[in-house]
Amino acid sequence: IGLGTLLFDAISTYLSATHVNAGTVRAGGANFLAAGSLFTIVDGATLDLAGHSQTIGGLSGSGTVALGAGTITLNQATDTHFDGHISGSGALIKGGPGSLELVSPQSFSGGLEINGGVVRLMTTAASGSGSVNVNLDGTLHSNASQSMAITLGGGTISSGIPVATQVYTSGNLQVTAASSVDLFYGANAFTNGEVSITGVLS
């Protein structure tokens, strides 16, 4: 689209990719965006949920995603890289077997939930300011020090930082049965928080 705003004012069912190269794509209601489409948001362009929760087929690019109070659910089968900005009080839910790489610090505050695939945090605060839930079939992988509260509901957390770098700090970790913690750092992995384990940790 051009520099204007394209409003989705009804449910869309197309499956091809959506490229927002300029201007704004705005959702006029809940789940009006195409649930099977991979959205690429170019730098300077905006995907605006306008507070309406949406499910899409994936996210990539370097533009802006404005959640408002809405939740965006990514059911993606492919691996994507997003170095733009996600704002608002809403949440991000990651589903599907693909991976989502978050490169930039984010300001959304509604939390991150991982139900499938991998979310890779490439910088500090890439998961926003809310709590993180990693459920069965989901993996949270961090390449930078993070400050967050994490609940492992059967999922996995891992790290890719050189030895002796702190990974998750100033947050609590809750681990339920069937979860996995794969870190380099032993006692240095979590500081200034609490670890609560339900089930068996081996």
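Q: What makes Arg 26 and Asp 48 a salt bridge?
A: In this predicted model, the closest N and O atoms of Arg 26 and Asp 48 are 2.7 Å apart. The cut-off for a salt bridge is a side-chain nitrogen of Lys or Arg within 4 Å of a carboxyl oxygen of Asp or Glu. The pair Arg 26 and Asp 48 therefore counts as a salt bridge.

Q: Which parts of the chain does the pair of Arg 26 and Asp 48 tie together?
A: Arg 26 belongs to strand β3 and Asp 48 to strand β5, so the pair ties together parts that lie 22 residues apart in sequence. By the rule used here, the count of salt bridges comes to one.

Q: Why is Asp 48 called buried?
A: Asp 48 has a relative accessible area of 14%.

Q: Why is Arg 26 called partly exposed?
A: The relative accessible area of Arg 26 is 31%. Partly exposed is the range between buried, under 20%, and exposed, over 50%; therefore Arg 26 is partly exposed.

Q: How do you know that β1 and β3 pair?
A: Strand β1 (residues 5-8) and strand β3 (residues 24-27) are joined over four bridges, in the parallel sense. Pairing needs at least two bridges, so β1 and β3 count as paired. In this pairing, Thr 5 stands opposite Thr 24 of β3.

Q: How do you know that β3 pairs with β5?
A: Three bridges join β3 to strand β5 (residues 46-48), and these strands run parallel. Since at least two bridges are required, β3 and β5 pair. Val 25 has Leu 47 as its bridge partner in β5.

Q: What joins β8 to β11?
A: Strand β8 (residues 64-66) pairs with β11 over three bridges in the parallel sense. The bridge partner of Val 65 in β11 is Ile 86.

Q: What is the order of the strands in the open sheet?
A: The five strands of the open sheet follow the order β1-β3-β5-β8-β11, with parallel pairing. Strands β1 and β11 (85-87) are at the edges with a single partner strand each, so one side of each has no neighbour in the sheet. On average, and ignoring direction, neighbouring strands of this sheet are turned by 15° against each other.

Q: How many helices and strands does the chain have?
A: The chain has zero helices and 25 strands.

Q: Which residues touch the most other members of the largest nonpolar core?
A: The largest nonpolar core has 37 residues, and those that touch the most other members are Leu 47, Val 65, Ile 72, Ile 86, Leu 92, Leu 102 and Leu 140.

Q: Is Thr 55 buried, partly exposed or exposed, and why?
A: Thr 55 has 22% relative accessibility. The cut-off for buried is under 20% and for exposed over 50%, so Thr 55 is partly exposed. Thr 55 has its place in strand β6 (residues 54-56).

Q: What does Thr 55 touch?
A: Not counting residues up to four places away in sequence, Thr 55 touches Asn 31, Leu 33, Ala 34, Ala 35, Thr 73 and Asn 75. Thr 55 and Thr 73 are 18 residues apart along the chain, and their C-alpha atoms are separated by 4.5 Å.

Terms used: Residues numbered from 1 in each chain as written. Predicted model: local features only at pLDDT ≥ 70, side-chain atom pairs only at ≥ 80, totals over all residues. Heavy atoms only, no water. Axes fitted to C-alpha atoms, helices over the stretch in contact; angles between N-to-C directions. Core = buried A, V, L, I, M, F, W, Y, C linked by side-chain atoms within 4.5 Å. Buried < 20%, exposed > 50% of the residue type's maximum accessible area, 1.4 Å probe, protein only. Contact = heavy atoms within 4.5 Å.
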